[in-house]
Structure formats: C-alpha cells, structure tokens
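I wanted to go through this chain with the coordinates open and write down, entry by entry, what I looked up. The notes below keep to what can be checked on the model.

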Amino acid sequence: MINWLQHETGGLLLLSAISIALLLVMIIRFKVEPFIALLIAGLLVALAAGLPVETLVGSAQKASGSLLEGGFGGILGHIASIIGLGTLLGAILEASGGAQVLTGSLLKAFGEKRAPLAMGLAGLIFGVPVFFDIGIFVLAPLVYVAAKQGGKSIVLYAMPLLAGLSVMHAFMPPHPGPVAAAGLLHVGLGWIIIMGLACAIPAWFVGGILYSTWIGKRINVPVPEEMLAAAEEARGDEVKNPPTLGLVLGIIAIPLVLILAGTFGSILLTKGSRLYGVFTFFGTPAVALTIAVLLATYLLGYRRGMTREQLTELTGKSLRPVGMILLVVGAGGFFGAVLSATGVGKVLATSLADAGLPVIALAYVISCGMRIAQGSATVAIVTTTGIVAPVVADLGYSQPQLALLVMSIASGSIIASHVNDGGFWIVSRYFGLSVKETLQTWTVLETVLSVVGFAMAALLSLVV
C-alpha cells in the first residue's frame, strides 16, 4: 500500500488530492491561518510520499538546501521587494490625493451621463498600484456623490469601479497574486503585464460596463444619508495641494513602461551590448518600482508638504499587511516544491496528456475550486500555481504561454465571491447592499469577470 501510494500513478494522484482536501479542511473547518495550513500540508505530504527528512528540512548543521528553506526562500527572494515597493507606491498615491484627482478629472471629462464609465476607468487605472480594499475605502465617497447627483441606483456607479479594481488586483503586477504566480512559474513580469491587460480590459468592459449597466437599471439602491454625510466629511479633509492628473498618471505608468521596455529590450537588442544592459537594469521590476517610489516620495510627498515623520508613519502603516501575504506566498512555494519533489507533477502531466485536457483549463478549474471553497483570491492563486508548476516544468512552455497560464489561474481566483470572502462584506457594507443584493450584483460581476478573463486567456493560448 505504501509503495503504491509513493510510486504508482494512482497513489500519487490520491496523495495530491488528499493534500488539497487537508488544506481546505484546515482553512475552512478549523480556521487555521493559510500559511500555517500550507506549511502543515506540505510537511505531511512530503512524509507520506517518503521523501528523506534531510531533503525535506535539512540537518542541524545545514538547512539551506532543503525543500523547506528552498521553497520559501526561492519565491520570496523574487517577489518580496516587488510587493513591498508596490504597496508603498500605492500608499503614497492614495495619501497625496491622487485618487480624488484622477476620479474628479474623469468625472468632469465624461460628464454626468457617463459617470459610471468614469468610475470604471478610475478603478481600472487606480487599481494598478492600490490594493482592492484600499481602492474601495478611498473611492467609495466619490461613488456616493456621483450616484446622488445622477439620481440613480448606487449599483450603477459602484459596480464599474469594483470591476476595475478587481481585475487589476487579480491580473496585474505589483499585486501579490500575479507576482507570486509569476515567481513560481518563472515568468517575466513584462509578459504578465501584456497578457494581464489583454485579459483584464475585455473582462472589465463586459463585466464592469455591459453587465453593470444592465444590473444597475434593475436593482435600485439609493445612497443612504449616512454615506453621503461620510462623503461630505471626507471631502472636507481633502488634500490642500493635490497633484496634477498628469503627474498621477505618469507615476503609475513609470514602472509599467520600464518593465515592458526591459522585456522587449531583451528580445530585440543584442545580448551583451551596453543598451541591452541599460534596458535590462531599468526594466528589472524591483529597480523600476524603486524609481517610481522615489519619484512619488519626492513629487507627491516632500514637495507637497509631507514631513519625514509623516512619510515614515505612512510607510510603516502600509507595509504591516504585507507580512501575512508574504508568509502565504512563501508557504505556497514550499507546498509546490514538495509536490514537485514527490513526482506528482509528472504524473499529472501524463494523465492530462492521455485525457486530452489542456493544462490551462485544469489550472482554471482548480483555481475556481480553491476560490469558492476558502474565499481568498491570493490563497487560490498561490495554491493552484504550486499544484500546476510541477506539471508544466517539462512541457517547454514559452514565456507568453506561461503568462497566459497565470491569467487562467488569476481568472479562477475571483469567481463567485460569496460570504466566505472578506471582499464580499466590504462591498456590502460600503455600498449599503443587503446580502441578497450583494449576491445578485457583486457575486455575479466577479463570475462574469472570471469567465471572460479565462476565455481571453484560452483564446490567446491558441495563437501564441
């Protein structure tokens, strides 16, 4: 029995299924922190698969070559600086009043009749550097005011904004999910940006514009008076010296442009040339984000009156939530390394080839299941990528193909947000929606974004 479990195809597949079931039971039933659950599941699977203890945890004298340290360190060394710098950039943009400038300019440009489209674009643009929940906290008061002035349901204005924030959080660097998946699958962030935009924008248009317009006319939720009062209070606290729209857009664009330049430079320029070195250096994600953070610190911080103490406080406050995210990602890297070492990846690849099931479809289904079961998009992405990474290790996928696989996983990670997802309750609370109304609007919107995002990734995978 033990030999069958550790060496035969059926046994290894069963072991993989048990590990995923164990992971979900710990997270859902016993409320174990995801990073601890991933760590426990990885250790138990490794022991059940018969991996040597020294391979798993090393020895008292040396642990650096072990799966435990290598799994954690390999991924964190790649993504920790990117996620940290991206978080800082978003925090400075938010504190400087950049969100209000961006949204106000869009509302003025599009007019009252097209205010929902303006809110959607604000979510799409501001969602690049800012976490999903922070985007809601900052932009919700502007939704209240726009909905009151338009005299229509708050759903019509909130859903486009939420769609923009959601797709950027799921598909685009420097957000934790896509960055972690890129690190685990060894994909350049330039390709993640290209494929992320190719999948996110159609998903945003179908879900955030077409569906949101349709549902916004059918579910009428007026803006509660207490929300309007909170919006007025927020407007009273607006930054006295806000930045210009061009400056806000420029700082958001700088890291994306530099990373893309590095990606295309590595393809078009002669390797070893001076220009190749320049493009490679400045296109390195950590370098590109460092430049953007330094510019934001000076142009949006010191130059606009922020003191050193205020920026220090802002930095510390914004980075606190990053610790738990990095622990989850590191544990996911370890879990994936264990699955790879057990040989499950090769077995899965052979089984998929025999069944004729594309890996991109399998990845989407697993990610959907993880999302629906435990609620966290980041945990769904990290866990699914850990499962899929050993499968694609020997398949010879190109960088664009791997990037589309990441998009498939990201698409699955946002499907059917419901009561086990913190985002569900944030949306319900901030926009005054009942549980039923949130399920009818937000849950369906997330599902539309997921399906369209996956459809784009699957179609593009046929041509790259």
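This is a predicted model: local features need pLDDT of at least 70, side-chain atom pairs count only at pLDDT 80 or more; totals for chains, interfaces and linings use all residues.

**Entry 1: salt bridges**

My search of the whole structure returned two salt bridges. In one of them Asp-421 pairs with Arg-371, and the closest N and O atoms are 3.2 Å apart. I then looked up where the partners sit: Asp-421 is in the loop between helix H21 (399–412) and helix H22 (422–430), while Arg-371 belongs to helix H19 (residues 359–374), so this pair ties together parts that are 50 residues apart in sequence.

The other salt bridge joins the side chains of Glu-446 and Arg-371, with 3.3 Å from N to O. Because Glu-446 lies in helix H23 (residues 435–461) and Arg-371 in helix H19, this pair links parts that are 75 residues apart in sequence.

**Entry 2: helix H17**

I checked the length of helix H17 (residues 322–342) against expectation: at 1.5 Å a residue its 21 residues should span 30 Å, and the end C-alpha atoms are 31 Å apart, which agrees. When I looked at how covered the helix is, 16 of its 21 residues turned out to be buried. The residue that follows H17 is Gly-343, and its phi is positive, near 90 degrees.

**Entry 3: backbone details in loops**

Which peptide bond did I note as cis? It is the one from Pro-173 to Pro-174, with omega near 5 degrees, and Pro-174 is found in the loop between helix H9 (154–171) and helix H10 (176–185).

I also noted two residues that have a positive phi although neither is a glycine: Lys-31, at about 55 degrees, and His-186, at about 60 degrees. Lys-31 is placed in the loop between helix H2 (9–29) and helix H3 (34–48), and with a relative accessible area of 65% it is exposed. His-186 lies in the loop between H10 and helix H11 (189–216), and at 64% relative accessibility it too counts as exposed.

**Entry 4: surface patches**

On the surface I found a nonpolar patch formed by Ile-36, Ile-40, Leu-44, Leu-47, Val-53 and Val-57, which together have about 460 Å² of accessible area. The elements that give two or more residues to this patch are H3 and helix H4 (53–57), and the largest share, four residues, comes from H3. In an α-helix, residues three or four places apart point the same way, because there are 3.6 residues a turn. From helix H4 I looked up Val-53, which is exposed with a relative accessible area of 52%.

I recorded a patch of positive charge as well, where Lys-113, Arg-114, Lys-152, Lys-217 and Arg-218 gather on the surface. Among them, Lys-217 is in the loop between H11 and helix H12 (225–236), and at 65% relative accessibility Lys-217 counts as exposed, because the cut-off is over 50%.

Definitions and conventions. Residues are numbered from 1 along each chain as its sequence is written. Side-chain values use heavy atoms; hydrogens and water are left out. The expected span of a helix is 1.5 Å times one less than its number of residues. Buried means under 20% relative accessible area, exposed over 50%, partly exposed in between (1.4 Å probe, protein chains only). Patches are made of residues with over 30% relative accessible area and no salt bridge: like charges are joined within 9 Å, nonpolar side chains (Val, Leu, Ile, Met, Phe, Trp, Tyr) within 5 Å. Accessible areas come from the Shrake-Rupley method with a 1.4 Å probe; for residues, only the protein chains shown count as cover. A salt bridge is a side-chain nitrogen of Lys or Arg within 4 Å of a carboxyl oxygen of Asp or Glu. Lys and Arg count as positive and Asp and Glu as negative; His and the chain ends are not counted. The place of a charge is taken as NZ of Lys, CZ of Arg, CG of Asp or CD of Glu.
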